[in-house]
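Trainee: Before we discuss any details, could we look at the model together and go through it with questions and answers?

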Amino acid sequence: MEAIRAKLDALRYKPADWQLPVTEEWVTEFEREYGLRLPAEYRQFLLAFGGWSGSATCDFLEPLTPLGTGAWIDLFYGRMVPEYEVYDVRWATGSVGGAPDFVAVAAGGANGCMVVVRCGGRDDGHVYFFDRDQRALWADDEFTRMFPGLHPQIEAYLARRRAGQLPAKPDGYESLYLLARGFNEFVERLVPTDDE
């Protein structure tokens, strides 16, 4: 955990003022309540750093997405006081609706997007960015209507999609974009972002 702590310090993440201590008993109750087993790396992280806020980005491991090249991560969910329950890992996981397969681990910037970790299955512990707007399901004209000046990367994504050249995704993963194959790898891949 020392390397993780050093990385978070370098990125200027700090405990949020509204966090409560994350205890072993609290995490065990969360797992029992949601009927899941947290991947070991994320479980250790949650116990040590749940409720930390800051600002960083992480590039997707997928070459083309309807979101561009990466995700913005501003807060790691933890155990929060009631006034800030939207940043509580239990509340956030419930709002994603993916439990017990996925747990919400961090806020992903605007529009309620989130970083999630897979619990169980062949990709246990993999970290994904969940696009709440589900842009992968939008028609092309929805992109141009919502974003009149499309970035060239989004145009490239749409062109490849029209040509049927995007990699196939498993059912249920259409709005998930791979960030890392493990939680520690995810933290290692975070880079500073300019808040300006």
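Mentor: Let us begin with a term: two strands count as paired if DSSP finds at least two bridges between them. Please keep in mind that this is a predicted model.

Trainee: In which sense do strand 7 and strand 8 pair, and over how many bridges?

Mentor: Strand 7 covers residues 114-118 and strand 8 covers residues 127-130. As one example of the pairing, Val115 has Phe129 in strand 8 as its bridge partner. The sense is antiparallel, and the number of bridges between strand 7 and strand 8 is four.

Trainee: Which residue of strand 9 stands opposite Tyr128?

Mentor: Strand 9, residues 176-180, pairs with strand 8 in the antiparallel sense over four bridges. Within that pairing, the residue of strand 9 that stands opposite Tyr128 is Leu178.

Trainee: Which residues of strand 8 are buried on one side, and which on the other?

Mentor: In a regular strand the side chains alternate between the two faces of the sheet, so a strand can be read one face at a time. Strand 8 is covered on both faces, with buried residues on each. On one side these are Val127 and Phe129, and on the other they are Tyr128 and Phe130.

Trainee: Is His126 buried or exposed?

Mentor: His126 lies in the loop between strand 7 and strand 8. Leaving aside neighbours within four places in sequence, His126 is in contact with Val116, Val117, Arg118, Leu178, Ala180, Arg181 and Gly182. Because its relative accessible area is 17%, and the cut-off for this class is under 20%, His126 is buried.

Trainee: How many disulfides does the model contain?

Mentor: A disulfide is a covalent bond between the sulfur atoms of two cysteines, and the cut-off applied to such a pair is 2.5 Å. The count in this model comes to zero. For Cys58, the nearest cysteine sulfur is that of Cys113, 15 Å away, and Cys58 is in no disulfide; likewise, Cys113 is in no disulfide, with the sulfur of Cys58 as its nearest. The number asked for is therefore zero, as the sulfur atoms would have to be within 2.5 Å.

Trainee: What is the relative accessible area of Cys113?

Mentor: Cys58 counts as buried, because its relative accessibility is 0%. Cys113 is buried as well, and its relative accessible area is 4%.

Trainee: Which residues does Phe186 touch, not counting residues up to four places away in sequence?

Mentor: Phe186 is among the core residues that touch the most other members. With those sequence neighbours left out, the residues touched by Phe186 are Cys58, Ile73, Phe76, Val115, Val127, Leu179 and Ala180.

Trainee: Is Trp138 buried or exposed?

Mentor: Trp138 is in the loop between strand 8 and helix 5, residues 140-146. Beyond residues up to four places away in sequence, Trp138 touches Asp133, Phe143, Met146, Phe147 and Arg161. Because its relative accessibility is 15%, Trp138 counts as buried.

Trainee: What is the radius of gyration of the protein?

Mentor: The secondary structure comes to seven helices and 10 strands. For 196 residues the globule rule gives 16 Å, and the value for this model is close to that, so the protein is as compact as a globular protein of that length. The radius of gyration is 17 Å.

Definitions and conventions. Residues numbered from 1 in each chain as written. Predicted model: local features only at pLDDT ≥ 70, side-chain atom pairs only at ≥ 80, totals over all residues. Heavy atoms only, no water. Buried < 20%, exposed > 50% of the residue type's maximum accessible area, 1.4 Å probe, protein only. Core = buried A, V, L, I, M, F, W, Y, C linked by side-chain atoms within 4.5 Å. Contact = heavy atoms within 4.5 Å. Helix = DSSP H or I, 4+ residues; strand = E, 2+ residues; numbered from the N terminus. Rg over C-alpha atoms; globule rule 2.2 N^0.38 Å.
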